Amino acid sequence: MRKKNPESFTPGPWRWEAKVSPTNDGRKVHPEIRLMTTGVPGGFTVMDFQRMGMAQAAPRFLSSPFMKAYSSFVSNVDHNGYGTLSHPDARLIAAAPDLYAALHAVLVSACPTATDNPQMWSAWEQARIALAKATGDVS
């Protein structure tokens with residue numbers, strides 16, 4: 001796993017995990033869904049969901065060393081009762097579409113060659129792989 005970054009979100013890579021439990025009638029249900037780190041044995045949970053009754057769940061985020069309910073990270077509540085989720089991992093997840101679009105724009109506007117600039121080629125290749133992961137083209 002990479003070192004802690006200055007932005008304070010949990011270092012990646014991350015992956016979603018769903019625990020599949022078969023029911024007596026053969027259906028498969030997913031009672032646990034969590035976002036996990038990879039790259040360390042067993043990984044650790046970045047985000048999961050805490051059940052609320054039979055049909056609802058609320059997200060929890062890692063706040064080392066424990067998981068805390070999303071309500072611990074809500075700020076700037078407006079007159080309708082909606083607030084900003086200020087956890088660094090939540091901000092990173094919310095920024096993902098913008099990050100994808102920006103990285104895609106960089107990739108389609110420039111294509112370095114390995115011989116021209118090896119560092120730029122390496123960064124370009126990392127960006128290409130990251131976008132492929134986001135679209136499911138690479139595991």
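**Figure 1. Ile33 and the nonpolar surface patch of the predicted model.** Ile33 has a relative accessibility of 39% and therefore counts as partly exposed. This residue belongs to strand S2, which comprises residues 28–37. Together with Trp16 and Phe49, Ile33 forms a nonpolar patch on the surface. The accessible area of Trp16, Ile33 and Phe49 together is about 300 Å².

**Figure 2. The salt bridge between Glu17 and Arg34.** The side chains of Glu17 and Arg34 meet in a salt bridge, with an N to O distance of 2.7 Å. Distant parts of the chain are linked by this pair, since Glu17 lies in strand S1 and Arg34 in strand S2, 17 residues apart. Glu17 is partly exposed, at a relative accessible area of 22%. Arg34 is likewise partly exposed, and its value is 30%. Arg15 also takes part here, in a network of salt bridges with Glu17 and Arg34. The count for the model comes to five salt bridges.

**Figure 3. The salt bridge between Arg60 and Asp48.** The closest N and O atoms of Arg60 and Asp48 are 2.7 Å apart. With a relative accessibility of 23%, Arg60 counts as partly exposed. Asp48 counts as buried because its relative accessibility is 12%, and buried means under 20%.

**Figure 4. Helix H2 and its buried face.** Helix H2 consists of 18 residues, 118–135. At 1.5 Å a residue, the helix should span 26 Å, and the 26 Å between its end C-alpha atoms agrees with this expectation. The buried residues of H2 are Trp124, Ala127, Leu131 and Ala132. Viewed down the axis of H2, these buried residues fall within an arc of 135°, so they line one face of the helix. Helix H1 (88–109) is included in what covers them. On the other side of H2, Pro118, Gln119 and Gln126 are exposed. Gly136 follows the helix and has a positive phi, near 85°.

**Figure 5. The salt bridge between Arg128 and Glu125 in helix H2.** Arg128 forms a salt bridge with Glu125, and the closest N and O atoms are 2.5 Å apart. The two residues are three residues apart in helix H2, so about one helical turn separates Arg128 and Glu125. An α-helix has 3.6 residues a turn, so residues three or four places apart point the same way. Arg128 is partly exposed, with a relative accessible area of 36%. Glu125, at 21% relative accessibility, also counts as partly exposed.

Figure 6. Pro13 lies in the segment before strand S1 (14–22). Pro65 is found in the loop between strand S4 (56–63) and strand S5 (66–69).

**Figure 7. The positive phi of Asn76.** Although Asn76 is not a glycine, its phi is positive, at about 50°. Asn76 lies in the loop between strand S6 (74–75) and strand S7 (84–85). Its relative accessibility is 64%, so Asn76 counts as exposed.

Key:
Residues numbered from 1 in each chain as written. Predicted model: local features only at pLDDT ≥ 70, side-chain atom pairs only at ≥ 80, totals over all residues. Heavy atoms only, no water. Helix = DSSP H or I, 4+ residues; strand = E, 2+ residues; numbered from the N terminus. Expected span 1.5 Å × (residues − 1). Buried < 20%, exposed > 50% of the residue type's maximum accessible area, 1.4 Å probe, protein only. Arc of directions from axis to C-beta. Contact = heavy atoms within 4.5 Å. Patch = residues over 30% accessible without salt bridge, like charges linked within 9 Å, V, L, I, M, F, W, Y side chains within 5 Å. Areas by Shrake-Rupley, 256 points an atom, 1.4 Å probe, with all protein chains shown as cover. Salt bridge = Lys/Arg side-chain N within 4 Å of Asp/Glu carboxyl O.
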